[in-house]
Amino acid sequence: MIQVEHLTKHYGPKIAIEDVSFSVEKGEVLAFLGPNGAGKTTTMRILTASLPATSGTARVAGYDCFDRPRDVKRVIGYLPEIPPLYSEMTVTEYLTFVGRLKSIQPDRLPAALDQMLERLSLGEVRGRLIANLSRGFKQRVGLAQALIHDPPVLILDEPTVGLDPKQIIEIRQLIKELAGSHTIILSTHILPEATAVAQRVVIIHEGRIVAEDSQDQLSARLRRSEKVSLTLKQPPLDVSDRLLTLPGVLSVHQEGTATFLVETELGHDLREDLARFAVRNEWGLLELKLVSMTLEDVFLHLTQHEEGIDTAGVSAGAPEPQP
Amino acid sequence: MSPVGVILRKELRSYFVSPIAYVVISVFLLLIGLLSFLAVATASNRSLQMLRGQGNLPELNLNEIVFRPIFYNMAVILLLVVPILTMRLFAEEKKLKTMELLMTSPVTVTDIVTGKFFAAFTVYAGMLALSAVGPLALAPFAEFRWEPILTAYLGTLLMGGLFLSAGLLASSLTENQIIAVILSFGALLVLWLFGWAGQVFADSLLGKVLSYLSPLDHFEHLVKGLVETSDLVFFLGGIVFGLFLTHRVVESQRWR
């Protein structure tokens with residue numbers, strides 16, 4: 001459904017993406033994972049046929065994005081990072097305008113509109129001005145805008161940014177429902193999101209694809225150890241050495257004044273042992289938790305793997321800041 | 001509905017949802033009303049003086065002493081008012097990132113530029129039509145010829161179109177509406193001075209070119225009742241050229 005070959009885009013001397021190739025099958029969900037500025041948006045904008053590439057080709061539903069932009073635009077629904085909303089319109093007015101813009105037949109427009117309002121639970125705000133909607137509703141109107149002409153291909157740029165957890169779950173649920181009947185590319189900088197909705201993940205960093213894999217393989221590849229964060233009230237000076245004596249502990253890094261990151265072998269959940277050990281030694285156990293993989297870890301692991309750089313001493317576990 | 005129609009309708013709606021169109025039209029009509037009153041009052045003073053001096057009422061050409069000054073002054077008002085109608089057309093879309101919606105929809109840049117231009121032109125034409133209340137109100141009490149007034153309106157319509165086209169270009173260059181409006185003022189005032197500059201270099205080719213490029217000269221012909229092909233070609237060509245440049249600007253912004 002989507003074929004991208006050796007795509008390169010330069011903005012003047014700045015290279016946004018370089019030699020990006022991947023393909024997406026019909027009905028598949030592909031997640032683009034990468035930090036801000038990695039080239040996710042650039043790639044997506046090229047796929048929407050609104051931004052020409054410097055070199056390389058991109059084809060959507062068999063149409064070349066450069067030669068047949070109008071055909072490409074007809075088969076895609078695009079949600080940019082900032083939803084393109086006219087704040088002085090009501091939800092109904094806005095979606096009617098988008099429907100006409102996407103050349104939906106006038107007799108089919110009311111049905112398409114009603115379907116969108118229902119599918120995205122926008123019924124209660126249909127008559128309200130978009131300016132007065134909450135962030136979550138605005139995002140849903142943005143999604144409705146991308147979906148109203150029922151395009152076979154959906155391109156969603158960070159669809160869950162700035163939403164609260166309940167809304168994030170709703171949007172992910174919706175994406176899962178759309179999968180199968182739609183081919184979807186979405187971008188995110190949050191690993192759990194990529195693994196939650198996508199069958200395949202492409203990791204992009206500084207304009208290049210650093211990994212492309214199915215979700216299972218990627219997780220397996222990344223998870224060579226597990227990490228536990230441990231906070232103590234009165235840690236002794238030699239706490240690292242003493243923790244290392246526990247079987248299964250690979251390394252210990254000091255995170256804060258009294259927080260330690262304990263790396264353990266895969267498949268060994270040492271939380272119980274660690275708790276018992278800390279209590280027995282009367283270190284004043286305050287907190288003990290499993291640290292999940294973040295994007296930073298992914299990059300560290302990948303760069304370590306691909307380039308052989310030793311990144312063992314770098315701390316992990318800091319969540320990616322939300323913009 | 002055609003893509004141009006969709007854009008046109010959306011822009012028209014947006015003019016009347018925001019206060020812009022109401023404010024611009026009200027201020028314009030207020031000024032034209034004041035202007036018409038002053039022109040008529042001046043004419044009646046003059047005829048009174050003549051009556052006293054000569055003892056009989058001479059034939060006065062109202063087209064010349066009332067309507068011509070009104071149209072010349074209207075042109076100056078339009079110079080200040082028209083850029084306000086066009087300033088937000090592209091600047092706001094870029095600022096609010098809604099341009100991405102248009103650029104990723106199955107419509108061409110030509111559709112977008114044409115739709116926006118004709119939306120502004122419709123508002124402008126409506127505004128001009130309302131100003132026709134002046135001559136209509138005067139018609140029962142005064143004798144004048146309608147033909148020169150209609151050609152003057154044609155000239156005003158065409159010159160306004162040219163201003164709108166320049167304003168649209170200015171709006172496409174920036175995402176700041178204030179900058180767009182100031183750019184249009186600047187460009188239109190420079191255009192305004194071309195006639196004068198043409199007189200300064202009257203003997204040279206440059207002078208002839210500048211004179212031809214002065215919208216005011218072409219406008220004057222139409223206000224005097226002269227409909228010449230060269231004037232119509234000038235205005236229509238200018239409008240198309242402005243829209244063409246706007247198209248190039250919008251198209252080039254895709255690449256960045």
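This is a predicted model: local features need pLDDT of at least 70, side-chain atom pairs count only at pLDDT 80 or more; totals for chains, interfaces and linings use all residues.

Me: What percentage of the residues of chain B count as buried?

Reply: The C-alpha atoms of chain B fill a box of roughly 75 × 50 × 30 Å along the principal axes. A residue needs 20 or more other C-beta atoms within 10 Å of its own to be called buried. Of the 256 residues of chain B, the share that passes is 41%.

Me: And for the contacts in chain B with a separation of 6 or more, what share comes from residues 24 or more positions apart?

Reply: Here the contacts in chain B are limited to those with a separation of 6 or more. Within that set, residues 24 or more positions apart account for 80%.

Me: Now some helix packing. In which hand does H6(B) pass H8(B)?

Reply: Helix H6 of chain B covers residues 109-131 and helix H8 of chain B covers residues 146-172. Their axes come within 10 Å and cross at roughly 145°. The crossing of H6(B) with H8(B) is right-handed.

Me: Which residues make that contact, and how do they divide by class?

Reply: H6(B) brings Lys116(B), Phe117(B), Ala120(B), Phe121(B), Tyr124(B), Ala125(B) and Leu128(B). From H8(B) come Tyr153(B), Thr156(B), Leu157(B), Gly160(B), Gly161(B), Leu164(B), Ser165(B) and Leu168(B). By class, the residues of this contact are ten nonpolar, four polar and one charged.

Me: How are H9(B) and H10(B) oriented, roughly parallel or roughly antiparallel?

Reply: Helix H9 (residues 177-200) of chain B packs on helix H10 (residues 205-213) of chain B with the axes 7 Å apart and an angle of about 155°. Angles over 145 degrees count as antiparallel in the rough sense, so the answer for H9(B) and H10(B) is roughly antiparallel.

Me: What are the classes of the residues where H9(B) and H10(B) meet?

Reply: H9(B) passes H10(B) in a left-handed crossing. Phe194(B), Gly195(B), Ala197(B) and Gly198(B) of H9(B) meet Gly207(B), Leu210(B), Ser211(B) and Leu213(B) of H10(B). Sorted by class, the contact of H9(B) with H10(B) has no charged residues, four nonpolar and four polar.

Me: Over to chain A. What does its secondary structure come to?

Reply: Chain A has 323 residues, and buried ones make up 38% of them. Among its contacts between residues at least 6 apart in sequence, 66% join residues at least 24 apart. The secondary structure of chain A comes to eleven helices and 14 strands.

Me: Are H3(A) and H4(A) roughly perpendicular or oblique to each other?

Reply: H3(A) and helix H4 (residues 109-119) of chain A have axes 10 Å apart and pack at an angle of about 130°. The range for roughly perpendicular is 65 to 115 degrees, so H3(A) and H4(A) are oblique.

Me: Which residues of H4(A) take part in that contact?

Reply: H3(A) passes H4(A) in a right-handed crossing. On the H3(A) side, the contact uses Thr92(A), Leu95(A), Thr96(A) and Gly99(A). On the H4(A) side, the residues are Leu109(A), Ala112(A), Leu113(A) and Met116(A).

Me: Which residues have the most contacts inside the largest nonpolar core?

Reply: In soluble globular proteins, nonpolar side chains tend to be buried together. In this model the largest nonpolar core has 135 residues. Those with the most contacts inside it are Met116(A) and Ile185(A).

Me: What does Ile185(A) touch, leaving out residues up to four places away in sequence?

Reply: With those neighbours in sequence left out, the list for Ile185(A) has Ile2(A), Val24(A), Leu30(A), Phe32(A), Met44(A), Leu47(A) and Ile155(A).

Me: Is Val60(A) buried or exposed?

Reply: Val60(A) sits in strand S4 (residues 55-60) of chain A. Among the residues it touches are Ile2(A), Leu47(A) and Val72(A). Since Val60(A) has 27 C-beta neighbours inside 10 Å, it counts as buried.

Me: Last one: how many residues of chain B are in contact with chain A?

Reply: Helix H2 (69-75) and helix H3 (91-101) of chain A each supply at least two residues of the side that touches chain B. That side of chain A has eleven nonpolar, four polar and six charged residues. The 21 residues of chain A are in contact with residues of chain B numbering 18.

Technical notes:
Residues are numbered from 1 along each chain as its sequence is written. Chains are lettered from A and ligands numbered from 1 in the order in which they are written. A nonpolar core is a set of buried Ala, Val, Leu, Ile, Met, Phe, Trp, Tyr and Cys residues joined through C-beta atoms within 7 Å. A residue is buried if 20 or more other C-beta atoms lie within 10 Å of its own, exposed if 12 or fewer, and partly exposed in between; C-beta atoms are placed from the backbone. Two residues are in contact if their C-beta atoms, placed from the backbone, lie within 7 Å. Helices (H or I, at least four residues) and strands (E, at least two) are DSSP runs, numbered from the N terminus. Ala, Val, Leu, Ile, Met, Phe, Trp, Tyr, Cys and Pro count as nonpolar, Asp, Glu, Lys and Arg as charged, and the others, Gly among them, as polar. Axes are lines fitted to C-alpha atoms, for helices over the stretch in contact, and angles run from 0 to 180 degrees between N-to-C directions. A crossing is left-handed if the near helix is turned anticlockwise from the far one by less than a right angle, and right-handed if clockwise. Angles under 35 degrees count as roughly parallel, over 145 as roughly antiparallel, 65 to 115 as roughly perpendicular and the rest as oblique.
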